[in-house]
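Hello,

Here is the structure I promised to pass on. My notes on it follow below.

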Amino acid sequence: MRVFALADLHLSAVTPKPMTIFGPGWAGHPGVIWEHWAATIQDTDLVLLPGDLSWAMTLDDALVDLEMVAQMPGEKVILRGNHDYWWSSVSKLRSRLPARMHAIQHDALRFGPPGAGVVVCGTRGWDTPGHLPLDAQDAKILSREAERLRLSLAAAARLRQPGDRLILMLHYPPASPPFQPNVLTPVLQDSGADLIVFGHLHGVPEGRTVSQVGGIPAHLVAADALGCVPRLLLELPEAAATPASV
């Protein structure tokens, strides 16, 4: 089983929205994503999709995009992004998700055989203090996201077995330039995660954003930053990426 990540698919089948207005890195979108996905990912692989999956405003419209994702190889884990307005009730979403697609919200998932699997957890995140401080409302939302991350990590700890790897998904980056600590930082540092993946940033090369938190490698996996090629994160002992626990 291999584990890949790709954020910010920004699909819009019902009401098309050309992504090239956001830069040349989106030329050929979304066809380029499907082409690279089909060439890279096998059906036994796990694909992490940390946010901004669809521009849709309703779940019915978003499901048209999610069905397109579901048709691609691999088991998929999705996380809410800031533009995923169609994501409201997670229970309603889970009841309608296509096969082999799983949503994380305040919880975690485990995939793979005993002692040689991967546990996935995470939360959306929010803007963090950088060159400018946060206003009171943004600071409140960020603190709430830190608590949601704690809940997800607690669920991950209950699932994790000796030998398992832990991957933590965020949609927003864990810190903003000049990468000062924020309320998420101690939670991330104490998480015991092996990897952090995040998206949200566009037109920003991977090397110009945060690359680690407390020694934990952090990877920007926004589609345009990766040339729409899913990022290989881990290669685990051969086994299909089926959920062992929820």
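Buried means under 20% relative accessible area, exposed means over 50%, and partly exposed is in between (1.4 Å probe, protein chains only). Helices (H or I, at least four residues) and strands (E, at least two) are DSSP runs, numbered from the N terminus.

Two points before you load it. This is a predicted model, where local features need pLDDT of at least 70 and side-chain atom pairs count only at pLDDT 80 or more, while totals for chains, interfaces and linings use all residues. Residues are numbered from 1 along each chain as its sequence is written, and side-chain values use heavy atoms, with hydrogens and water left out.

What flanks β7? On one side, strand β6 (residues 118-123) runs parallel to β7, joined by six bridges. Two strands pair if DSSP finds at least two bridges between them. Thr123 stands opposite Leu170 in β7. From β6 the chain passes through helix α4 (residues 136-159) to β7, in a right-handed β-α-β crossover. Right-handed means that, with the strands pointing away from the viewer, the path from the first strand over the helix to the second runs clockwise.

Strand β8 (residues 195-198) is also parallel to β7, with three bridges. There, Leu168 has Ile196 as its bridge partner.

In helix α1 (residues 31-40), Ile33, Trp34 and Trp37 are buried. Seen down the axis of α1, its buried residues fall within an arc of 95°, so they line one face of the helix. That arc is taken from the directions from the helix axis to the C-beta atoms. Glu35 and Ala39 are exposed, on the face of α1 turned away from its buried side. The cover over the buried residues of α1 includes β2 (46-50), α2 (59-70) and β3 (75-79).

β2 is itself mostly covered, with five of its five residues buried. Leu46, Leu48 and Pro50 point one way, and Val47 and Leu49 point the other way.

β2 pairs in the parallel sense with strand β1 (residues 2-5) over three bridges. Val3 has Leu46 as its bridge partner. The chain goes from β1 through α1 to β2, and the crossover is right-handed. β2 and β3 are also parallel, over five bridges. Leu49 is partnered by Ile78.

**Leu93**

Leu93 lies in helix α3 (residues 90-96). Is Leu93 buried or exposed? Leu93 is buried, at a relative accessible area of 1%. Leaving aside neighbours within four places in sequence, Leu93 is in contact (heavy atoms within 4.5 Å) with Leu59, Leu66, Ile78, Trp86, Trp87 and Ala103. Leu59 is 34 residues away along the chain, with 7.6 Å between the two C-alpha atoms.

**Largest pocket**

The largest pocket holds about 170 Å³ of space. Its lining includes Arg80, His106, Thr123, Glu145 and Arg148. β6 and α4 are the elements that give two or more residues to this lining. A pocket is an open set of points on a 1 Å grid over the protein atoms alone, where a 1.4 Å probe fits, with protein on both sides within 12 Å along at least five of seven lines; lining residues have an atom within 4 Å of a point. Grid points are joined across faces, edges and corners, and the volume is the space filled by probe spheres set on them.

Best wishes
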